Amino acid sequence: TVSISFNNLTINTTKIVSLGANETVAGTFTIALGTFDVSTANHSLGVGGDFINNGTLRQRSGTITMNGSGTSQSIGGSTATTFYNLIIAGGASDVVSLANSTTVGGAFTITSGSFDVTVNDYPLTVYGNFTNNASSAAFVANKGTVTLGGTLTVGGTASTIFNDLTISSSKTITLGNDETVEDTLTITGTLHITTYNLTIGNTFTNNGTFKTTGGNVTFTGNT
């Protein structure tokens, strides 16, 4: 099947619309009604504008890339979207902003541009690797909460500054770079620090397992 590059694409049917190839939407992608399925082939979708979900995304194990250039993008709609893999790959000054709560069942990756939970502090939940390959300023946490719920590594070539970070996985989460939690770190699962450093700005609550076999933990506020 030949790939198609759309300008704007709207799904507005009670039927299921399935991808037959990897596709690109240069502008806005909208699920107004019905179900959009990446198919059992787990095709990918690139979106250059806003991602608006008022229906159902059947993500399977597919990848959606927010790759706008020279434009701001948002992920929202009336439905809180669950992606499998989500990649942020905009221009250096481009921002992808949340407009609803969002879950990533697989890997969340920032390769370029930035990702903003906005002043509404929409929560982000990630079950795969959390990778920041852009810069320490690329993840704009505001006062939001990131929840990590799977077996994964928090890392990348750049350090990430979280506001509130919750480790809820029953499996082990490890650091792959120096990371900062400006406000509250809550552990109900397992966090393992090996060679990297963790900075906590305010509160540390451990109701799970916290292991250190290297690296430093620094508290910079009330604990």
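The protein has 0 helices and 30 strands, where helices (H or I, at least four residues) and strands (E, at least two) are DSSP runs numbered from the N terminus. The model is predicted, so local features need pLDDT of at least 70 and side-chain atom pairs count only at pLDDT 80 or more, while totals for chains, interfaces and linings use all residues. Residues are numbered from 1 along each chain as its sequence is written, and side-chain values use heavy atoms, with hydrogens and water left out.

The C-alpha trace spans about 50 × 35 × 30 Å along its principal axes. Of the 223 residues, 46% are buried (under 20% relative accessible area, with exposed meaning over 50% and partly exposed in between; 1.4 Å probe, protein chains only). The protein exposes about 9400 Å², of which carbon and sulfur atoms supply 46%; accessible areas come from the Shrake-Rupley method with a 1.4 Å probe, and for residues only the protein chains shown count as cover. Among contacts (heavy atoms within 4.5 Å) between residues at least 6 apart in sequence, 17% join residues at least 24 apart.

Histidine 43 lies in the loop between strand E4 (29-37) and strand E5 (45-47). Histidine 43 is buried, with a relative accessible area of 16%. Its side chain forms a polar contact of 3.5 Å with the side chain of asparagine 22, a polar contact being a pair of N or O atoms within 3.5 Å; within protein, one must be able to donate a hydrogen and the other to accept it, and residues adjacent in sequence count only if both atoms are side-chain atoms. A polar atom of the histidine 43 side chain also lies 3.4 Å from the backbone oxygen of glycine 20. Beyond neighbours within four places in sequence, histidine 43 is in contact with Leu19, Gly20, Ala21, Asn22, Val38, Gly62 and Thr63.

Valine 126 belongs to strand E16 (residues 124-126) and is buried, with a relative accessible area of 0%. When neighbours within four places in sequence are set aside, the residues in contact with valine 126 are Val104, Gly106, Phe108, Thr147, Leu148, Gly149, Gly150 and Leu152. Phenylalanine 108 is 18 residues from valine 126 along the chain, and their C-alpha atoms are separated by 6.8 Å.
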